[in-house]
Amino acid sequence: MKKKEIIVEKFLLVCTLITVFTSAAIIGILLYQTVYFFSEVSVWEFFTNTKWTPLYYVKNYGVLPLLAGTFLTTVISLLVSVPLGLTIAIYLSEYAPKRFREMVKPSLEILSAIPTIVYGFFALTFVTPLLQNIFPQMAGFNALSPGIVMGIMILPLVSSLSEDALHAVPRSLREASLAMGATRFQTSFRVVIPAAFSGIAVSVILAISRAVGETMIVAIAAGQQPQFTLNPFVPIKTATTYIVEVFSGDIEHDTVEYRTIFAVGMTLFVFTFILNNISYFLKKRFQTNL
Amino acid sequence: MITLKNRPSDKTRFYQWQDKVFKYFALCCTLIGLFVLALLLYNILSVGLHRLDWNFLNSTSSQRASNAGIKSAMVGTVYIALYTSLFALPIGISAAIYLEEYAGKNKFTNFLEVNIANLAGVPSVIYGLLGLEVFSRIMMLKNSILTGSLTLALLILPIIIVSTREALKSVPYSLREASYALGASKWQTIWHQVLPASSGGIFTGIILALSRAIGETAPLIVIGAVVFIKTVPNSIMDKFTVLPIQIFHWISQPQKAFAANAAAGIIVLLLITFLLNGIAVYLRYRWQKKIKW
């Protein structure tokens, strides 16, 4: 091999290794600051205290309210995106004519191209007032409105990925079922969906991961009050919102307050890391099974 | 008796009814998605369109809503988009070429792939923390355009790698064999045959990644992009703001007049996003049409 060829290959390898350095750096800085943080605040307090007031005079470092906020908005968004997304996927893959599918799928994907800040504005100025007509007791900042809007944002992720999974199921399976006299509904739910199950699971897990990490929609429309509650009508604060909120103000570096951000970031990272790995291995399995 | 037997039973009729009901229900669900999209666009246009004029495009930040504009934010966005692609493109495409053309099937390659899949799923706000610690503090680049674009470059790197790999994968092996048969080396084959053949797909991925970078808000807030700026940045070490952050700042203001500003800013942001996505869709379409392997 010529010398030039070897140099090129080495250069390409170095570029690839940058991704490894990125991961290492993310884990490194999160760990470094988190370890410092836990030398000043006990792990027990962090995970069991139900108050989060690190920036106040009386300091409480309980991450539970932030996790409750994240959990609440994530669940609401999934209640919107998963049933709706799966139904759309089944319709586009099993019922819709080809032309309709080719037009609708890219149109729905526009929803995922819209920057999240736009959804935040939509949630705050349109969806919240609308919901307040239905639920008068609802506060101006709440978990319900950003949760629903986040569900709309994730909708194309669920519908597109599930549709791909359904589409990948061999035709012969459907034909066998239809030939036995089953309706399309029966074929979809008893033959196609079970066959595409892990592909659908991947889309749902990725949706969870997206919802957990989503920042701007909740930062704008969910409020700034860390509350340990599952009430969708009151202001809450999610883990991601906390990080953004701290940086919107002034904060001194290398204080306990500063390190709370990294402890919260670490918690967030671990959650999404687990979810991403599950979805990656499910995807691999689905691809080899088909 | 025979005619009776041929009539569909109640059960069969129920299943046929069930099938039909689901069909229309599912169609409604699909239309709901599109309806919300239309509603969102209508909402933003109705609030913001009247505010969109030359003054708005050509003014910088101001305490008064009617004097404020998006000039500095636009310039910041252009700078960030430019430098982000400058950093992310060569690295992303190189990494994709390595993984697709050079890497063998072994544990190390598998590790690289799992790692990239993981990076693609890391919440964007975490990338902000990375940029803050590594670029802003350790490398002492402060809250400059350079810090912002390096951070976003790392953020879109996995997206570029994945889409470039897809494009490279679609080039049939026979093309490479033909090139080898004529005596071309591996790199010559990639440079002169594989890359041109997959350029449409690569560009599509790049543009979509760039559109993602332009819409990002959270990581740039974390690295300390400023929200109020009177000047227009003109060097890579300057402080900056971008459109989404300017919009976020306006949304957080209690006065109603700022909501119109936010909506007008969103219209501009959406125009850029849709334009980029339109180009990407067009490129993909043309590329798929031109090449029939």
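So, the nonpolar surface patch: A:F71, A:V75, A:L79 and A:L230 make one of about 400 Å². A patch here takes residues with over 30% relative accessible area and no salt bridge, joining nonpolar side chains (Val, Leu, Ile, Met, Phe, Trp, Tyr) within 5 Å and like charges within 9 Å. Areas are Shrake-Rupley with a 1.4 Å probe, and for residues only the protein chains shown count as cover.

Quick caveats: this is a predicted model, where local features need pLDDT of at least 70 and side-chain atom pairs pLDDT 80 or more, while totals for chains, interfaces and linings use all residues. Residues are numbered from 1 along each chain as written, chains are lettered from A and ligands numbered from 1 in written order, and side-chain values use heavy atoms, without hydrogens and water.

Back to A:V75, which sits in helix 3 (residues 64-95) of chain A; helices are DSSP runs of H or I, at least four residues, numbered from the N terminus. A:V75 is partly exposed at 31%, the class between buried (under 20%) and exposed (over 50%).

Now, how much area is buried between chain B and chain A? About 6700 Å², with 78% from carbon and sulfur atoms; that's accessible area lost on putting the two together, 1.4 Å probe, summed over both. Each side brings residues to the contact, 76 from chain B and 76 from chain A, with contact meaning heavy atoms within 4.5 Å.

There are two salt bridges between the chains, meaning a Lys or Arg side-chain nitrogen within 4 Å of an Asp or Glu carboxyl oxygen. A:K284 and B:E113 form a salt bridge at 3.6 Å, N to O. On the chain B side, helix 2 (residues 10-48) gives the most, 21 residues.

Note on methods: Helices (H or I, at least four residues) and strands (E, at least two) are DSSP runs, numbered from the N terminus. Buried means under 20% relative accessible area, exposed over 50%, partly exposed in between (1.4 Å probe, protein chains only).
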